[in-house]
Amino acid sequence: TEKDNRVNMDFEKDQITEINLGKTAGIDVSCYADKKFLAIQMRQIRLGLMEKLPVQIYADPEYDWFQMEEIRKGLEAGIAVDIYASPDIPFEKMRQLRKGLMQGVDLSDYLKYDGGIIHQLRRASATNVDLMKYIEEGYDEEQLAQIRIGLENGVKLDSYITPEFVGVSIQQIRRGLEAGLDV
């Protein structure tokens, strides 16, 4: 129709595709049929609508599509997304908070750290390993991964490592100690 042709002129081809996929699925596309959304953002909203999720939580162009996806996945899992649903929280941190909540761990107190460190905190929480001492000493994600593995394996690394060592060096020390070598 003439109206559809006018609408099609207002949107990019990939946006029209997302709108048409929504219409074909029988959902109300009015909350995302807006030029302010990129097609990939529209997709996240469409997927949420198809799952009958409360998409109004993330149907905001201030969220990038990665953030929208993390909120959508949290809603699908039935977790408290309000803990991390903020455009100010990068998606990497959102992902770790979501995965933590799915494991029963609230990592929102650690938002001042980057996503990689939160990732290691989440992994460590699953095995009751405490990494805070090492985080406070300035170890990065790669180093923390090796420290975490060592602690999970009962290896005491403290007298052999410093924050100046790169992660692969700590890995070699950890492996040596696990093998009973004099490192």
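Which residue just after H2 takes a positive phi? It's Gly26, with a phi of about 80°. Helix labels like this come from DSSP runs of H or I with at least four residues, numbered from the N terminus (strands are E runs of at least two).

A word on the ground rules before going on. This is a predicted model, where local features need pLDDT of at least 70, side-chain atom pairs count only at pLDDT 80 or more, and totals for chains, interfaces and linings use all residues. Residues are numbered from 1 along each chain as its sequence is written, and side-chain values use heavy atoms, with hydrogens and water left out.

**Exercise 1. Work out which side of H2 is buried.**

Step 1: find the helix. H2 covers residues 13-24 and has 12 residues. From first C-alpha to last it reaches 16 Å, close to the 16 Å expected at 1.5 Å a residue (the expected span is 1.5 Å times one less than the number of residues).

Step 2: list the buried residues. They are Gln15, Ile16, Glu18, Ile19 and Gly22. Here buried means under 20% relative accessible area, exposed means over 50%, and partly exposed is in between, using a 1.4 Å probe and protein chains only.

Step 3: look down the axis. The buried residues of H2 fall within an arc of 160°, so they line one face of the helix; the arc is taken from the directions from the helix axis to the C-beta atoms.

Step 4: The face of H2 turned away from its buried side carries the exposed residues Lys13 and Thr24.

**Exercise 2. Describe how H3 packs with H4.**

Step 1: get the geometry. H3 (residues 39-50) and H4 (residues 65-77) pack at about 10°, with axes 9 Å apart. Axes are lines fitted to C-alpha atoms, for helices over the stretch in contact, and angles run from 0 to 180 degrees between N-to-C directions.

Step 2: name the arrangement. That angle makes H3 roughly parallel to H4 (under 35 degrees is roughly parallel, over 145 roughly antiparallel, 65 to 115 roughly perpendicular, and the rest oblique).

Step 3: find who meets whom. On the H3 side there are Ile40, Gln41, Gln44, Ile45, Leu47 and Gly48, and they meet Trp65, Met68, Glu69 and Arg72 of H4. Contact means heavy atoms within 4.5 Å.

Step 4: sort by class. The contact of H3 with H4 has 5 nonpolar, 3 polar and 2 charged residues. Nonpolar covers Ala, Val, Leu, Ile, Met, Phe, Trp, Tyr, Cys and Pro; charged covers Asp, Glu, Lys and Arg; the others, Gly among them, are polar.

**Exercise 3. Do the packing analysis again for H8 and H9.**

Step 1: H8 (residues 141-152) and H9 (residues 167-178) have axes that come within 8 Å and cross at roughly 10°. Step 2: that makes H8 roughly parallel to H9. Step 3: the H8 residues in the contact include Gln146, Ile147 and Gly150, and those of H9 include Val168, Ile170 and Arg174. Step 4: by class, the contact of H8 with H9 holds 4 nonpolar, 5 polar and 3 charged residues.

**Exercise 4. Find the surroundings of Ile161.**

Step 1: Ile161 is in the loop between H8 and H9. Step 2: Ile161 is buried, at 7% relative accessible area. Step 3: leaving out residues up to four places away in sequence, Ile161 touches Tyr139, Ile147, Ile170 and Ile173. Step 4: Ile161 and Ile173 are 12 residues apart along the chain, and their C-alpha atoms are separated by 8.1 Å.

**Exercise 5. Is Lys52 buried or exposed, and what is its phi?**

Step 1: look in the loop between H3 and H4, where Lys52 is found. Step 2: Lys52 is exposed, with a relative accessible area of 74%. Step 3: its phi is near 60°, a positive value in a residue other than glycine.

**Exercise 6. Trace the contacts of Glu70.**

Step 1: Glu70 lies in H4. Step 2: Glu70 is buried, with a relative accessible area of 0%. Step 3: not counting residues up to four places away in sequence, Glu70 touches Tyr84, Phe91, Met94, Arg95 and Arg98. Step 4: turn to H5 (residues 91-102), whose buried residues include Phe91, Met94 and Arg98. What covers the buried residues of H5 includes H4 and H6.
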